[in-house]
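Subject: Structure for your files

Hello,

The structure is placed below, and my notes follow it. Please read them with the model open.

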Amino acid sequence: MSSSDSRPAQKADTKLAHAGRDPLAFHGFVNPPVVHASTVLYPDTATMVPGGQTYSYARRGNPTTNSLEDAITEIEGAAGSKIANSGLNAIALAILSCVKSGDHILITDTAYGPTRHFADTVLPNFNIDVEYYDPKIGARIKDMFREETTAVFTEAPGSLTFEMQDIPAIALAAHEIDATVLMDNTWASPLYCQPLAHGVDLSIQAGTKYIVGHSDAMLGTIAASERAWKGLDRLYGAMGCHAAPDDVYLGLRGLRTLSVRLERHQRNTRAVLDWLSQQPLISRIRYPALESDPGHALWKRDFSGASGLCAFEFADGTSREQSLAFLDALRLFGLGYSWGGFESLAIPVNLNGMRTVTAPPQDVQSVRLHIGLEDPEDLIKDLDQALNKTFA
Ligand SMILES: *Cc1c(COP(=O)(O)O)cnc(C)c1O
């Protein structure tokens with residue numbers, strides 16, 4: 001059932017199994033139908049003229065998209081949610097829903113690269129001033145506030161370098177000047193971090209990653225707090241946004257198994273990192289769930305789990321060529337962008353142009369891994385043979 005009012009509070013796993021579903025509305029079938037549609041018919045003009053039915057035109061939603069929106073709203077504890085056709089689209093829409101000409105937006109220096117690209121190339125055209133801040137700023141963000149500051153964009157852990165942020169402290173400061181707080185929460189998924197509970201107003205997921213979970217569709221989700229919902233709803237309608245029903249269905253299907261998949265991603269990642277951390281050729285691991293990570297305390301305080309995305313640095317003296325040769329020697333790990341599917345992936349970390357106010361690690365060869373659902377012993381064997389082959 002999709003209405004949450006009459007039910008006792010449910011645990012997260014129960015919500016993942018039931019949120020957004022109303023089988024009796026669809027002849028008892030467990031899942032909602034995939035509604036392929038544009039036109040919606042009305043029985044008569046008496047219904048049509050005053051707009052007196054739930055659905056008017058598929059661009060404005062259909063039972064499939066509403067099902068995923070309802071599920072996200074419930075899982076994130078939001079006032080309302082929208083589905084975007086990619087994670088980046090969700091980020092762009094969320095930002096545009098809360099800034100206007102003349103405004104100033106603060107964005108974490110460790111934001112996902114395409115988020116920066118959007119902010120740097122699109123927002124200035126609308127006279128929106130973009131400024132980046134150190135992700136570790138916490139409550140001191142208030143020193144950067146101007147009269148025109150209306151939005152603060154966060155992402156934790158940071159893209160490629162995994163810095164944690166003190167989200168509650170940032171949200172508290174931002175709300176004192178009535179600014180909207182956005183968070184790209186893709187790494188943890190709504191299962192392991194609940195941004196709205198930490199004061200975030202617009203919680204963003206690249207649904208492409210863990211919600212879809214199988215590397216076969218692209219989606220984004222935006223869950224809004226009461227104060228941000230109206231703006232999001234208005235912008236979404238005005239922009240003519242619509243996510244394709246087949247992809248939305250894959251998102252709904254992925255949600256049902258999010259918890260069991262993430263639990264295994266987390267366990268496998270721990271096993272792989274335990275091994276990697278003992279390798280003399282590896283100097284540092286970036287993953288906030290590790291006790292040794294500088295962001296560990298914040299992770300422990302605000303997150304209830306960790307996903308399968310992490311990075312490591314090769315020991316000093318490793319050349320770019322060696323780092324790339326290592327990647328080429330991997331057999332089980334695929335070389336590919338994106339992540340969140342069932343399979344393990346690796347990419348070389350390239351921070352060129354991606355940091356403007358914090359100093360990125362210098363002269364370090366770093367690899368980002370996504371640890372999938374394979375047996376971790378096989379993943380370790382693959383990493384081991386690639387290390388041996390490269391550094392023999
Ligand atoms: C992948 C990703 C996105 C963008 O999602 P797409 O669906 O690929 O557009 C946004 N933020 C983070 C942190 C991501 O990893």
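Predicted model: local features only at pLDDT ≥ 70, side-chain atom pairs only at ≥ 80, totals over all residues.

**Ligand site**

Residues are numbered from 1 along each chain as its sequence is written, and side-chain values use heavy atoms, with hydrogens and water left out.

- A polar backbone atom of leucine 88 is 2.8 Å from an oxygen atom of the ligand.
- A nitrogen atom of the ligand lies 2.6 Å from a polar side-chain atom of aspartate 184.
- An N or O atom in the side chain of threonine 208 is 2.5 Å from an oxygen atom of the ligand.

On its own the ligand has 380 Å² of accessible area (Shrake-Rupley method, 1.4 Å probe), and the protein covers 91% of that.

**Nonpolar cores**

A nonpolar core is a set of buried Ala, Val, Leu, Ile, Met, Phe, Trp, Tyr and Cys residues joined through side-chain atoms within 4.5 Å; buried means under 20% relative accessible area (1.4 Å probe, protein chains only). The largest has 77 residues, and Trp187, Leu276, Phe326 and Leu369 have the most contacts inside it. A second, separate core has 30 residues, including Ala111 and Leu235.

Regards

Notes:
Buried < 20%, exposed > 50% of the residue type's maximum accessible area, 1.4 Å probe, protein only. Polar contact = N/O pair within 3.5 Å; in protein donor to acceptor, adjacent residues only side chain to side chain.
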